[in-house]
Amino acid sequence: RSAEAMARVGHFGGPGGWSDPDMLIGSTPGTLFHLTPAQARSQFSLWAVTGAPLLVGSSMLGMSTHDHFTYTDAEALSVSQ
């Protein structure tokens, strides 16, 4: 569903604007909302390739190793930025 929604608003991306699908959820257990690790990585990748703001919607202090690795992936960040 996220990919379909991003396709509909993708034309807003560019100088002076961007598509904003909301916060990244992540896969850290114990949070109110969380995805599987594969879903969290897919979500991050989708946000990166669409130029969406990469805002994490959970505490960075208790973040899982998987989420930390995902959110600091230099190759994915270079695509986004």
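Rings of Phe, Tyr and Trp (its six-membered ring) are taken as a pair if their centres lie within 6.5 Å, with planes under 30 degrees apart counted as stacked, over 60 as edge-to-face and the rest as tilted. This is a predicted model, in which local features need pLDDT of at least 70 and side-chain atom pairs count only at pLDDT 80 or more, while totals for chains, interfaces and linings use all residues. Residues are numbered from 1 along each chain as its sequence is written, and side-chain values use heavy atoms, with hydrogens and water left out.

Begin with the aromatic rings: the structure holds one aromatic pair. Select phenylalanine 44 and tyrosine 71, whose ring centres are 5.5 Å apart and whose planes stand at 50°, so the pair is tilted. The pair links distant parts of the chain, 27 residues apart, with phenylalanine 44 in helix H2 and tyrosine 71 in helix H3; helices are DSSP runs (H or I, at least four residues) numbered from the N terminus. Both phenylalanine 44 and tyrosine 71 are buried, a term for under 20% relative accessible area, against over 50% for exposed and in between for partly exposed (1.4 Å probe, protein chains only).

Next, select serine 64, in the loop between helix H2 (37–49) and helix H3 (65–71). Serine 64 counts as buried because its relative accessibility is 17%. Leaving aside neighbours within four places in sequence, serine 64 is in contact (heavy atoms within 4.5 Å) with Ser27 and Thr28.

Finally, move to histidine 66 in helix H3, which counts as partly exposed because its relative accessibility is 24%. Not counting residues up to four places away in sequence, histidine 66 touches Ser27, Pro37 and Arg41.

Technical notes:
Helix = DSSP H or I, 4+ residues; strand = E, 2+ residues; numbered from the N terminus.
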